[in-house]
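Here's a quick briefing to read alongside the coordinates. Have a look at the chain, then go through the points below.

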Amino acid sequence: MQKEGHVEVSVYQKAKKGNYYCGDSYFYHEADDKFICALADGLGSGEFAKESSQIVMDVIKENTSDSVASIMKKSNKKLVGKRGVVLGILQIDLRDKQYAYSSIGNIGLLTVTSDSIKKRNIPQAGYLSGFDRPFKIMSDDVEENMIFIMFSDGVTSKEISNSYFHNQEVEQITDTFSYQYKHNMDDDTTLIAMKYKEGPQ
């Protein structure tokens, strides 16, 4: 778990039952004025799904200061001839206190304010596979102690509606999710809980 900086992060990840490789890949990074978190799920499962999702993470690592739209386009171009991916990218401008988010395919984003107001982003249908396509970018203000939860399709709508997602401690969110759903998953599953604070942790 990351505690330093403005954004505290805790991650739960597990491969689909019977698989050694998890087809989900994620990356997060905080610099002086920006925080970025990305989650990709390679189509299908196993080693080739992991290869495609990791290719996208490598692109994002090299372009953390780019806009969300630019990163989506660069990631898409790298997937020519590869298995496609679904992808979600969250970027928080720590100076302007705004966040931008884009998602194609079934990577979800849930935000929870300190007074427990929940808002769920509806992902754009489709997937990245190297072909040019438009991307929708959502932006909004960041509030003190706001929780962001990104998740792959191994997390269902029923699970995401549970009351423990109101918890203000990100490690407790991922620990509770792990405890509640520790049985074998029917799909690769990744859940990333993040908490924004104006001052350093």
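The side chain of threonine 113 reaches the backbone nitrogen of isoleucine 117 at 3.0 Å, a polar contact (a pair of N or O atoms within 3.5 Å; within protein, one must be able to donate a hydrogen and the other to accept it, and residues adjacent in sequence count only if both atoms are side-chain atoms). Bear in mind that this is a predicted model: local features need pLDDT of at least 70, side-chain atom pairs count only at pLDDT 80 or more, and totals for chains, interfaces and linings use all residues. Residues are numbered from 1 along each chain as its sequence is written, and side-chain values use heavy atoms, with hydrogens and water left out.

**Around threonine 113**
- Threonine 113 sits in the loop between β6 (108–112) and β7 (118–121); strands (E, at least two residues) and helices (H or I, at least four) are DSSP runs, numbered from the N terminus.
- Its side chain also makes a polar contact with the side chain of aspartate 115, at 2.4 Å.
- With 8% relative accessibility, threonine 113 counts as buried (under 20% relative accessible area; exposed is over 50%, partly exposed in between; 1.4 Å probe, protein chains only).
- Setting aside neighbours within four places in sequence, threonine 113 is in contact with Glu143, Met146 and Gln168 (contact means heavy atoms within 4.5 Å).

**The five-stranded sheet**
- Five strands form an open sheet in the order β1-β10-β9-β6-β7, with antiparallel pairing (two strands pair if DSSP finds at least two bridges between them).
- β1 (7–14) and β7 are at the edges with a single partner strand each, so one side of each has no neighbour in the sheet.
- Strand β9 (residues 147–151) pairs with β10 (residues 189–196) over five bridges, in the antiparallel sense.
- Methionine 150 has isoleucine 192 in β10 as its bridge partner.

**Helix α2**
- In α2 (residues 68–77), the buried residues are Val68, Ile71, Met72, Ser75 and Asn76.
- Seen down the helix axis, these buried residues fall within an arc of 135°, so they line one face of α2 (the arc is that of the directions from the helix axis to the C-beta atoms).
- Exposed Lys73 and Lys77 are on the face turned away from the buried side of α2.
- The buried residues of α2 pack against β3 (34–42), α1 (47–62), β4 (85–93) and β5 (98–104).

**Whole chain**
- The protein chain has four helices and ten strands.
- Of its 201 residues, 49% are buried.
- Among contacts with a separation of 6 or more, 68% are between residues 24 or more positions apart.
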